[in-house]
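Please look over the sequence and the structure shown here before reading the report.

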Amino acid sequence: METLKLRKITSVWIIIVLTLFVVAIVLGILMRLNQGEIIQQSPITFYGNMTTHGLTMIGIWFVAGMAAVNYLLERYVKTSYAANLFALVLTVIGVLMLWCSTFIGEFHAGWTFLYPLPFKIMWAEWATPLFLSSLGVLGLGWLVWSISLMAQILKKYSISQAFAWQHFHKNPKVETPPFILITMITLIGVIACLIAAVILLILFFIEYFSTGSFVNDALLMKNLTYFFGHTIANEMLYLGLAVIYELFAEVSGRPKWHTTWYVALAWNLSLIFILTAFFHHLYMDFVQPEGLQIIGQIASYLASLPAAGVTVFSILVAVYRNKINWSLTNLLFFIGVAGWVIGGLGAVIDATISNNFILHNTLWVPAHFHTYNAMGNVLFSLAFFHWFSNQYYHHKERQNTLKLSILLIGGAGFLLAFYIGGAESIPRRYSTYPSDLPMGATLASIAALFASLYLIAILIFFFNISKKCLKILSSSPQSS
Amino acid sequence: MFKDIVIFSSIVMISFVSTNVKGQIASSGWKEEDRIYSKVFDAPLSGKQLRKGTTLYQVTSQKPTVLALIFTRCTGVCNPFLLELKENIELRTNEKNFNILVMSFDPRDTEKDLDDLAMRFGLSEDKRWEFAVTDSIRSLVQSIGFKPVWDSLRQQYDHDALLIGINSEGYITKKLIGIRNNADLGLLLASIQDSFTPTYRMANPNMLFSCFNYDAKTGKNTPGLGLIFVALPALIAMVIVLSVNFFVRVNRI
Ligand code: HEM
């Protein structure tokens, strides 16, 4: 059973995530304003903001998913408060170190910090080791947390049960709840990509301290970077899906979802595909053998099929011609799944080798990943935050339609500008666009306007949810 | 406990700050990146082989162009620079799909000065070479990011020996600073012809974990140790899952 301590730490996670989210959105809007030539930032400020924005966003939505999964996991197994707290402390320290390296040290190599950029010192010399260490601190906290959650699952379920393999036979004696299956699959992926990050950081540090007697292979570093970066960005979506499987039916007043053979198969396959899809980031690396590029394309197609297919099918079956208790929570889940699917289609288009020749490094890339993040994963977590805070302090909330409309209109307009830019071959990661691409600046200005609407909606969520979370924090065992 | 953590972190941080990054500090190489993929200024040109009113874009639109910036009174790098360029171009007798435009950035130079220079180098009859001046040299050098500095004491310009590759649409695709070899010139020529040049850092004895080992003699690429590292995260993750399972199974409810 969940404890007051767990409730409080989950509230702290939520407040931290929402606060950092608001700051990171502001950085994003500043970037779009600069690209739109409405404000003028130096390239160093722009790329520093881009690095901070990218890593902060990935970090917060990963921990948001983890905090939600940790909270819900307590329904099935006892989780470790110490591991949760350890991850929280290290996340705060890691983010402070990261921001120090970018805001004070002016480190600005992008969230993927592709080798050998961190060694091309164009910032304070100490910023490179501080940046890499900040990732080490974050990675350590998250790795311990993930292993601890997995260990708790394995204390109750055997490996084959955790993977739901008994569902491949008729009439299984034990049922693995979908939430446990998806969490287990996702945690393994998370552990693998965090280990990739550890290996990557070790290789960076060996070269850093070797003073030239050891150099890294750029291809190896790029493979490891995307093993980490691509995989974590996808796994955090799966954490959100685990929450949907657990809560959607419950809050909609529908029967709980069960694991069937096809749900088990889909998620087991997802593990393999998600760990190999990252090869699609290396299509332009001609030294990578063609075989790996083909694996990248096939895995990218297949990775989206099982998880997306099964989830969308389950959601549609749940809502089609059924009486649903629509609330802000399940509306956010529902719209989030739509955003995830639309972004996923954009991703598959880009992961097709022949299309990638045209779309590579254009605004199509931020278009698709912002779709399944800003209008997908963020909504999954907002739904959880809303549901969680409402459990203890339920107020009848007004103007839900207005809030959702502002969020949708703001989000859609902001994303559309990215998609049109991508289709027009406007490059990504340009602080300002050359005069030959005047459309780039116009689209960026329009995007900044819509992103500000999105920010307004997020601020409303932020105040409503944080207010309740603060109350949870100040509550005593008696009041709970 | 908290004190220990603070002391430990301070030691770690101080050791970082005091470490020299010998690896790959940014070098003058960045200067070659300045203004890449921006358009060069469409300067009006005058030269012996050019029709009156010809502009730079008209020259580049006929054929991609290698632009060399010099001044005729130079007592320093300009002559050896042009000589090296001439020799490298002579090695490419079969390649005709580009122009070489030599321009003076010194407003004192006249069309005649450049004509004499072409004659001195024996290039006045070579169809691939053009020698020209412009009355808009300030705008031209600005668009290229070339910054010669006048030294009144020596009555000379302090300047880089700069070759600029311009494609047929007038975009700067590559720059070479200094007297460079034929291979570098080849990269510049490929870039102005908009063709992709695959380059990759060769494995060296200090690169212990390369994914592939390329043998320049045989042209063969064999898998290297680095590939194991790509598979390692998934393998370690599996080992962790199995080990955790092994240790917790005794407590399984
Ligand atoms: C309204 C909210 C947001 C705004 C205004 C915004 C804006 C931007 C902009 C302008 C860029 C640079 C695009 C370029 O390449 O030219 C960017 C990059 C990025 N954004 Fe966002 N973004 C928002 C939400 C998010 C969310 C929710 C995530 C979640 C993960 C996210 C993750 C990233 C990442 C990873 C990058 C790449 C950074 C890099 O290339 O190093 N953003 N964003």
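## Basis of the model

This is a predicted model, in which local features need pLDDT of at least 70 and side-chain atom pairs count only at pLDDT 80 or more, while totals for chains, interfaces and linings use all residues. Residues are numbered from 1 along each chain as its sequence is written, chains are lettered from A and ligands numbered from 1 in the order in which they are written, and side-chain values use heavy atoms, with hydrogens and water left out.

## The interface of chain A and chain B

Chain A brings 53 residues to the contact and chain B brings 45 residues, where contact means heavy atoms within 4.5 Å. Between them the two chains bury about 4300 Å², of which 74% is on carbon and sulfur atoms; buried area is the accessible area (1.4 Å probe) that two parts lose on being put together, summed over both. In chain A, the residues that lose the most area to chain B are A:Lys155, A:Asp217 and A:Phe286, together 12% of what that side buries.

There are 0 salt bridges between chain A and chain B, a salt bridge being a side-chain nitrogen of Lys or Arg within 4 Å of a carboxyl oxygen of Asp or Glu. The polar contacts across this interface amount to 4 residue pairs, both residues at pLDDT 80 or more; such a contact is a pair of N or O atoms within 3.5 Å, and within protein one must be able to donate a hydrogen and the other to accept it, with residues adjacent in sequence counted only if both atoms are side-chain atoms. On the side of chain A that touches chain B, helix 4 (127–156), helix 6 (178–210), helix 7 (218–252) and helix 8 (261–276) each supply at least two residues, and helix 6 gives the most, with 12 residues. Helices here are DSSP runs (H or I, at least four residues), numbered from the N terminus.

## A nonpolar surface patch

A nonpolar patch on the surface, with about 870 Å² of accessible area together, includes A:Trp165, A:Trp261, A:Phe313 and A:Val317. Patches of this kind join nonpolar side chains (Val, Leu, Ile, Met, Phe, Trp, Tyr) within 5 Å, from residues with over 30% relative accessible area and no salt bridge; accessible areas come from the Shrake-Rupley method with a 1.4 Å probe, and for residues only the protein chains shown count as cover. Helix 8 of chain A provides the largest share of the patch, 5 residues, and A:Val317 lies in helix 9.

## Backbone geometry

Most residues other than glycine have a negative phi, and most peptide bonds are trans. A:Tyr115 and A:Pro116 are joined by a cis peptide bond with omega about 0 degrees, and A:Pro116 is placed in the loop between helix 3 (81–104) and helix 4 of chain A. A:Ser425, although not a glycine, has a positive phi of about 60 degrees.

Notes:
Patches are made of residues with over 30% relative accessible area and no salt bridge: like charges are joined within 9 Å, nonpolar side chains (Val, Leu, Ile, Met, Phe, Trp, Tyr) within 5 Å.
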